[in-house]
Structure formats: C-alpha cells, structure tokens
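Please read these notes with the model open beside you.

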Amino acid sequence: MTKEMIKQELSAAAETVLQRRYYLKDADGRPLENWESLCRRVADAVADVDRESGDYETLRDSFFNMIYHLDFLPNSPCLMNAGTDLGQLSACFVLPIEDSMNGIFSSIRNGALVHKTGGGTGYSFSRLRPKNSAVQSTQGVASGPLSFAAVFDAATETIKQGGKRRGANMGVLRVDHPDILDFISAKEDQTRFTNFNFSVAITDHFMEAVKTGLEYDLVDPSTGQVVESLDAGSVFDKIIDLAWHNGEPGVLFIDAANRANATPQLGEFEATNPCGEQWLLPYESCNLGSINLGHYVVDDGDIDWDRLAKTVHLAVRFLDNVIDCNRFPIPEIAEMTQKTRKVGLGIMGMHDMLIQTEIPYASQKGRDFSAKVMRFIRDEAEKSSIAIAAVKGPFPAYDPEFNHYPPRRNAALTSIQPTGTVSMIADCASGCEPYYSIVMVKHVMDGDKLLMVNRHFERIARREGFYSEEIMEKVAESGTVIGHDAIPVHWQEVFRTAQDIVPEDHIRMQGALQVSGVDSSISKTINLPADATRDDVRLSYELGFELGCKGLTVYRDGSRDSQVLNSSARSADAEKTAVVGSQGIVRKKKLPDMLSAKRYRLKDANQNTIYLIVCFDDDENPMEVFAKFPFDNRVDLKDKSTMWTTTCRLVSLALRYQIPMNEVIKQLDRSSGHMLDLPAQLGKLLKSFMAGTQRGFSSTCPECSGKLIFEEGCEICHECGYSKCS
C-alpha cells in the first residue's frame, strides 16, 4: 500500500489543537472540517497559482500528501486561512516607525490590520527621537520611544487577532539610542508592555567596547549628534541583570544580521518578527513552513537524503506559491514581499531525529549531525529556488551588482521558527529545541492523574526491557531521566531534556545551526537553571556573539511569575493542599519583615472607594491581602469594614499555607453575591494573577488551565496549543 493511500492517524493532542484553532467552523462553533479536508483546502489554494501549468494536478496532490502525512507543515496562518475569504497566509511582518506623528500612527494602524489577519509584527523604535528632545513643529519636547510603545501595546490588546491568534509584537531599540537605559528596564514591571517581546539591537562596536572596558556613544537619531557617552560594561550589566530577572530584554546582534542581508541595496535590517527568527526589511513579510526531520530517519540510523531533498524542493515550491496566492493586509507589504519573495523553510522534530539516530542532543556529534542536515536543507532549498527562477524569473529586486549569488526565486530561504502548535499536530519536538519533558503528569477529573509518556521513550524502554509504571512515575516525579539506575546511561544521555542540558550546549547547538544553513535567524530558548547567576547570562550572551548567532533569548527557570513546570516534582507545591512537615504538621510559610506590595483601587456596589493591597514574596507570589477603607469612621459601614477585614485575613492565611490559588478562587466565587462585593473582587484579582493580566506572565494557560512552559522564546501550553506569541 502506498503512503498516499494510508490514512494519517493523529494524536489526541493534535485533534484537540486542530478543533480549537484550525478547523473551519459553522456559526455555532461546530467543526466543518477534518484533517483530510483541511489539508485539501490548503493544498488546493496554494497549487491554484499553477492552475494553467501542465503539472498543476500533480503539484496539488504532492502538496496534499506532504502536509497530510506530516512531512512538512506550513505556518498557522496558512493552515487557518488558505482557501478562505481572509486569505492572509504570512506569519511575520516588520513595519517601520517614522519619527513623526503621522508615521507613528500610520504604523499603529498598519499593525492593527496585520494582527487582525493573524500575523505578528516587529517594530524598531530606534528612529524616534529621545524623550525631552526638541520638537520644532510644536515648540515642545518629545515623549520618547517608550511612550509610543505603550500606545502600540494598547492597540494590540484591543485587536487580539479575533481569538484565533493573539496579537504579538517585537519591540527593538538600538543600544546606542539615548533612551536605551529606560528601554532595558521597561519590562522589569511585568504589568507593562504585555503584548511585546523587547530586544536590544547590539552592535559589534558595543561588544568591542564591553570587551575593552571603554565607553560608547549615544546618538540622537533625529540629529545624528552624540548626546552622551556611557560605560559599555555598565550597560551590558544592566541588560544581563534584567534578562536574569525575567528573560527580557533579549539581545539581537544587528551587525551579524546585516552582514547576511541578501538585498543590501534595499536597506538595512532594523527589527525582527516577535520570536526573533525573521530579520526583515521595513514592510517585508515572510511565510514559514517546517520539515518534520523525524520522518526521514531510516533503519540504519542515517537519513533518507533523497526523500529529504524531494521534500525540500516541494516545500520551497509551496512557500513560493504562497506569496502569489496571499492576500496582504496593506499594499506596501504586498509590494515589498513580492519584490524580495523571502520564504522561511525551517525544521521541527530535530530532537526526534537525534533520538532515533541515538545521538545525544548535547554532544558534539549531535551538533555536527544537526548542522549537516541543516546545511543539506539549505543547499537543496537554493537548488530549488534557482530552478524555479529559471522558469518564473528571479525575485524582482535581484541585482547582480549587489547580489553575488546565482539568480534565484527567493532572496532568503531558511530560518528556524517556533513550531509550538504545528509540532503538536505533527507529534514531535518543537523546532530545534530538545523535548521539555519525557514523562508529564496531566491531572484529570476527580483528582486522577494521567502519565503522558514520550512515544520514543516508551518504545525504546519496552524494547530494551526497562519499561515499568514505577520507572515512568519516578521520571515524572523527578522531571528528568537522569540519575535513574534502571535506565541505561546511554539512554539517559539521548533523552536529556531542555532542563538537563547546560546552557553552553544550548548555545553551541544554536551557533552550529546558524552558521551551517540558516539565512535568517533561529528562535530558541537558552534554558538556565533556577540557581543560575548573572555571570551565567553574561557567558551565554558572549558565547552566542562569538559563535555568530544573530540573537539570543535566555530563560532562568522559574524567573517569570509563579511559573510551574510540567513535571510532578516541579509542580508539587502547586498541587498540594498544604505543606506537610516530617511530623505531619502543616506549616505556614514564613515571610520576611518587608514585602513588596501593589495597591488596587476599587468601587463597591454603592460606589464607595476601597483599596486592596496585595503583598508578594520574593518569587512574586501573592501572600497577603489587605483592605483599606477611606470610610473606616462611618458607623453605617462599620459592619462591612469588619467583614472585608476578616475575609482578607482568611484569604491571606490560605495563601500562606500554600493552598492552590484556584481553590481559593473557587471558594470566593461560591460566596460571591454580587460582582462588586469583596469575594468577587478578590476572586477577580487573584484570577488576574493566574491569567497574567496583572503581572504579565502566567503559570496557567488562560484557555485550558494547563501549565505553560517557556520554549522557543515564548510561553506555550502543550495541552491545547495556546501560545502567547502566535
């Protein structure tokens, strides 16, 4: 039986993601599609570009089989929108921000149109004059890039991309902009800029100044004049400190990106898309797709290179066709995208490939083999693009005076992008990331739990004779395969997860892939342990720069508010109803004499002002709640004041005994009589902490209440496919 005739079986998680996000639905929300009909819709729409050619039907069927059998999947907008009235199929956009009110608000409008169609946007704020500089037209002073970034953030919050894909932005500021210190610390308060990832565009000159201990100049972009000089080492320290604190800002090595700019005659790169893997010129967009590398391993532990080459050629043809059948949000994007015809062919399932070839991800052999595969993909992609150009012509901006490579159809060909939801459909590891966990615990109804075991691990464990429920439980409890005597050391190394791999090995893998075969950049998280120091962050950035990476995202485990990981050991505190000591005594969490706090002003049903004050521990978990009443001396409201005070004390007590916040909220909801009474107000406030609206990040998925993890530069849920960035 040929592969084309075999029905593709999808995992339960894949079906969940497809029904939630991808299948077209009727007015009542019922799916109108299944996996086969979705794939036919996409293949038909993209092949229609070649309807008049002699190979149209063959091409259409080849597109269908490639997608249906999960060998290659296009980006989410393509899966969602191909063959629909919307028809916007690109994932990544960069929009310019000119230094004028008209330019700024035109960009806000354009960004809203992009978000509405399902795309993510990157903005450089580096052209905007610094705060307090002169504005000649009004005889006033400028408010600076951050003030306008807040307006972009608010506009994104309003759009939210119609519910299928959240609004997502990248905000970039050059390290030599006069407002750089404010930008670096802007997301220390995680209630701000919640629809943005922030990254500093770092220059070679700055890194050299850091290395030599020198100062560097800050330049007003509106005048070109040097306004101040700063110690480069001190600025680098501040970037490191904030990245250690919560992972932001990231760093983008802008000069490395521009050295690889395939069309320098059109301008320089200023910004990337939200996850950092696509460097794009102003108004450029890029459509993405990823090859599932685990599908190309053959029995002898090698790669079926011929079949991989055929998929690469077909995938490039598919992505090039997407440009021609795309409906772009604004004319400027259509014009620029058609001019350069950039595509982003990437990978997913790289860890699956390494597991099947029995090569540890963190080894030199793992890096060499992965780089070899990526170089092969890049070389075959270029062959395909040259072949298409021979028939359809090169990209219109191609100029041999500047473009010193053979005429090809696409100015850029490869990147490694996040594949959080599409890799769930394909049931493989995301992008070039190692698996985050091998055995996960999923809690179901009535307190039961379900062990979710990685399919490769279960297959090998059964084959090698070390599978048992007890071992699976132990792996789930510890969060790692490392250190279990029942598991052979060889397989412990092969199944090392993201948290088991030291940061240097993460960075070396990213560097190996970058220089071997990636035109644009790579979306990858450099995982740091919870006890990592600021020096560990420093070494990560310095090594990434030396290895030729074009950007880095570091994440220190647990550094974003109340983050809970997907292993039972790491989530144990959140699952317990209380903390029990060795003598069976329930212990209350001891708090220091000083706590940070935030105050929230509320109104009761009678429009009386009430202040709720929430105190946080060092990990920024809410520990105590107080109510403050301007009407304390009013006799008619004394009973209400007493009731509120007592309720706050009980909630504080529950929080200090580490009763799960969702249980506290459940009790508050049950006792609420009116949306403006205290239990409702407290419940709403605590829900906002869990959902991330008060502090920007969340341990709990806002859509399915699953656990969020930090991967590929973004928070994602492996249970329902929710992603903060896509």
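1. R508 is partly exposed, at 30% relative accessibility. (Buried means under 20% relative accessible area, exposed over 50%, and partly exposed in between, with a 1.4 Å probe and protein chains only.) The side chain of R508 meets that of E504 in a salt bridge, 2.9 Å from N to O. A salt bridge here is a side-chain nitrogen of Lys or Arg within 4 Å of a carboxyl oxygen of Asp or Glu. E504 is partly exposed too, with a relative accessible area of 41%. Both residues sit in helix α19 (residues 503-517); they are 4 residues apart, so about one helical turn separates them. Helices (H or I, at least four residues) and strands (E, at least two) are DSSP runs, numbered from the N terminus.

2. On the basis of these notes: this is a predicted model, where local features need pLDDT of at least 70, side-chain atom pairs count only at pLDDT 80 or more, and totals for chains, interfaces and linings use all residues. Residues are numbered from 1 along each chain as its sequence is written, and side-chain values use heavy atoms, with hydrogens and water left out.

3. Salt bridges that share partners join D50, D55, R317 and K392 into one network. The structure holds 39 salt bridges.

4. Which parts of the chain does the R127 and E270 pair link? R127 is in the loop between β3 (120-124) and β4 (134-135), and E270 is in the loop between α10 (254-259) and β11 (271-272). These are distant parts of the chain, 143 residues apart. The salt bridge spans 2.9 Å, N to O. R127 is partly exposed at 25%, and E270 is partly exposed at 22%.

5. R409 forms a salt bridge with D324, with the closest N and O atoms 3.8 Å apart. R409 lies in the loop between α14 (364-392) and α15, and D324 in helix α11, so the pair ties together parts that are 85 residues apart in sequence. R409 is buried, with a relative accessible area of 8%. D324 is partly exposed, at 32%.

6. The largest nonpolar core has 72 residues. Such a core is a set of buried Ala, Val, Leu, Ile, Met, Phe, Trp, Tyr and Cys residues joined through side-chain atoms within 4.5 Å. W35, L308, F318, L345 and M350 touch the most other members. Helix α11 (residues 305-325) gives the most to this core, with 10 residues. A second, separate core of 55 residues includes F93, V114, V251 and Y541.

7. The second largest pocket has a volume of about 710 Å³. On a 1 Å grid over the protein atoms alone, a pocket is an open set of points with protein on both sides within 12 Å along at least five of seven lines; a cavity is a set where a 1.4 Å probe fits but cannot get out; lining residues have an atom within 4 Å of a point. Grid points are joined across faces, edges and corners, and a volume is the space filled by probe spheres set on the points. This pocket is lined by 29 residues, of which A13, D427, M440, M452 and H718 lie nearest its centre. Elements giving two or more residues to the lining are α1 (12-22), α15 (420-426), β15 (439-443) and β16 (449-453). The largest share, 4 residues, comes from α1.

8. How many cavities of 30 Å³ or more does a search of the whole structure find? The search finds 8. The second largest cavity has a volume of about 200 Å³. It has 23 lining residues, with M170, S199, C275, L552 and T553 closest to its centre. Strands β7 (196-202), β10 (250-253) and β18 (551-556) each give two or more residues to that lining.

9. Two backbone points deserve a check. F193 has phi near 55 degrees, a positive value in a residue other than glycine. F193 is in the loop between α7 (180-184) and β7, and is buried at 4%. R341 also has a positive phi, about 55 degrees, and is not a glycine. R341 lies in the loop between α12 (331-340) and β14 (343-348), and is buried at 3%.

10. Last, the peptide bond from E248 to P249 is cis, with omega near 5 degrees. P249 lies in the loop between α9 and β10.
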